[in-house]
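I opened a new page for this chain and went through it one topic at a time. These are my notes, in the order I made them.

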Amino acid sequence: TADYSNLDLFFGNYPIDQKLKEIFIAYDKELEKNNALDFDDLLTKTVKLFKERPETLERYQTRFKYIMVDEYQDTNHIQYQLVKLLGSLWKNVCVVGDDDQSIYGWRGADITNIRNFKRDYKHTNIIKLEQNYRSTENILNAANAVIANNSDRMEKRLWSDNGAGEKLKLATLYDDRDEAAYVASQIKK
């Protein structure tokens, strides 16, 4: 049986928050009634199982000698824990990602997962893939100028053999909808 006593940490006191809390509890009870799990449960219950049952963790650690994770910059804390638990025996963990391209913070992605990878796996080799095969130098120079302002970033310089390309156009727009309309009109042209 689930314990809902800590839910107030996640939901505020506004009427909408209380309604969302009720919906969450009803959803969770339906899952339990149907002996079902959602994606979050698959992750959290697996991590819980591995922490509570070392023999089960060891069984999976020995089964998976090599672990690879793509888009590691977009992993959340529970995904980080799962990788860390599974990879702690062999330490053969390979991740692919770019700390300048983390876009899923709104769904719990934690950029420190990739930034701390070398700390977690001391004998790590970092291979920078700085050459871009799709963009031109003008685009990459603009991107480099923007990402250079990111704090705590891993140093890299994107480049291309595709030549300078067209000059960039600057457009000042009101909001994201205005931006989308502008981009669509430029594509249409």
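Entry 1. I began with Tyr60, which counts as partly exposed at 26% relative accessibility. The label follows because buried means under 20% and exposed means over 50%. I also wrote down that this is a predicted model.

**Entry 2. The partners of Tyr60.** I looked up the ring of Tyr60 next. Tyr60 and Phe64 form a stacked aromatic pair, with 6.4 Å centre to centre and 15° between the planes. Phe64 is partly exposed, at 37% relative accessibility.

I then counted aromatic pairs in the structure and found five. One of them joins Phe50 and Tyr60, with ring centres 5.8 Å apart; the planes stand at 40°, so this pair is tilted. I noted that the pair links distant parts of the chain: Phe50 is in helix H2 (residues 39–52) and Tyr60 is in helix H3 (residues 54–63), 10 residues apart. Phe50 is buried, with a relative accessible area of 5%. I recorded Phe50, Tyr60 and Phe64 as a cluster linked by ring pairs.

Entry 3. Which residues of H3 are buried? I listed Thr56, Leu57 and Gln61. Seen down the axis of H3, these buried residues fall within an arc of 135°, so they line one face of the helix. What covers them includes H2 and H4. On the face of H3 turned away from the buried side I found the exposed residues Arg59 and Arg63.

**Entry 4. Thr62.** I stayed in helix H3 for Thr62. Thr62 counts as partly exposed, at 43% relative accessibility. A polar atom of the Thr62 side chain lies 3.0 Å from the backbone oxygen of Arg59. Leaving out residues up to four places away in sequence, I found that Thr62 touches Leu89 and Trp90. I also looked up a distance across the model: the C-alpha atoms of Thr62 and Lys167 are separated by 53 Å, and the two residues are 105 apart along the chain.

**Entry 5. Charges over rings.** Trp90 came up again here. Lys65 lies over the face of Trp90, at 4.8 Å from the ring centre. I found another case at Tyr104, where Arg107 lies over the ring face at 4.0 Å from the ring centre.

**Entry 6. The core.** The largest nonpolar core has 18 residues. Which of its residues touch the most other members? I wrote down Phe50, Val69, Tyr72, Leu82, Val93, Val95 and Phe117. H2, strand S1 (67–69), helix H4 (77–87) and strand S2 (93–95) each supply at least two residues of this core. H4 gives the most to the core, with five residues.

I took Val69 for a closer look. Not counting residues up to four places away in sequence, Val69 touches Thr75, Val83, Cys94, Val95 and Val96.

**Entry 7. Thr124.** Is Thr124 buried or exposed? Thr124 is buried, with a relative accessible area of 12%. I located Thr124 in the loop between helix H6 (117–120) and H7. Its side chain has a polar atom 2.4 Å from the backbone oxygen of Tyr121. Phe117 is already in my notes, as one of the core residues that touch the most other members.

**Entry 8. H7.** I moved on to helix H7 (residues 137–147), whose buried residues are Leu140, Asn144 and Ile147. They cover an arc of only 75° around the axis, which puts them on the same side of H7.

**Entry 9. Positive phi.** Most residues other than glycine have a negative phi. I looked up two residues that depart from this pattern. Phi of Asn35 is near 50°, a positive value in a residue other than glycine. Asn35 lies in the loop between helix H1 (15–33) and H2. It is exposed, with a relative accessible area of 75%. Lys91 is not a glycine either, and has a positive phi of about 60°. I placed Lys91 in the loop between H4 and S2. Lys91 is exposed, with a relative accessible area of 53%.

Key: Residues are numbered from 1 along each chain as its sequence is written. This is a predicted model: local features need pLDDT of at least 70, side-chain atom pairs count only at pLDDT 80 or more; totals for chains, interfaces and linings use all residues. Side-chain values use heavy atoms; hydrogens and water are left out. Buried means under 20% relative accessible area, exposed over 50%, partly exposed in between (1.4 Å probe, protein chains only). Helices (H or I, at least four residues) and strands (E, at least two) are DSSP runs, numbered from the N terminus. The arc is that of the directions from the helix axis to the C-beta atoms. Rings of Phe, Tyr and Trp (its six-membered ring) pair if their centres lie within 6.5 Å; planes under 30 degrees apart count as stacked, over 60 as edge-to-face and the rest as tilted. A charge sits over a ring if NZ of Lys or CZ of Arg is within 6 Å of the ring centre and within 35 degrees of the ring normal. A nonpolar core is a set of buried Ala, Val, Leu, Ile, Met, Phe, Trp, Tyr and Cys residues joined through side-chain atoms within 4.5 Å. Contact means heavy atoms within 4.5 Å. A polar contact is a pair of N or O atoms within 3.5 Å; within protein, one must be able to donate a hydrogen and the other to accept it, and residues adjacent in sequence count only if both atoms are side-chain atoms.
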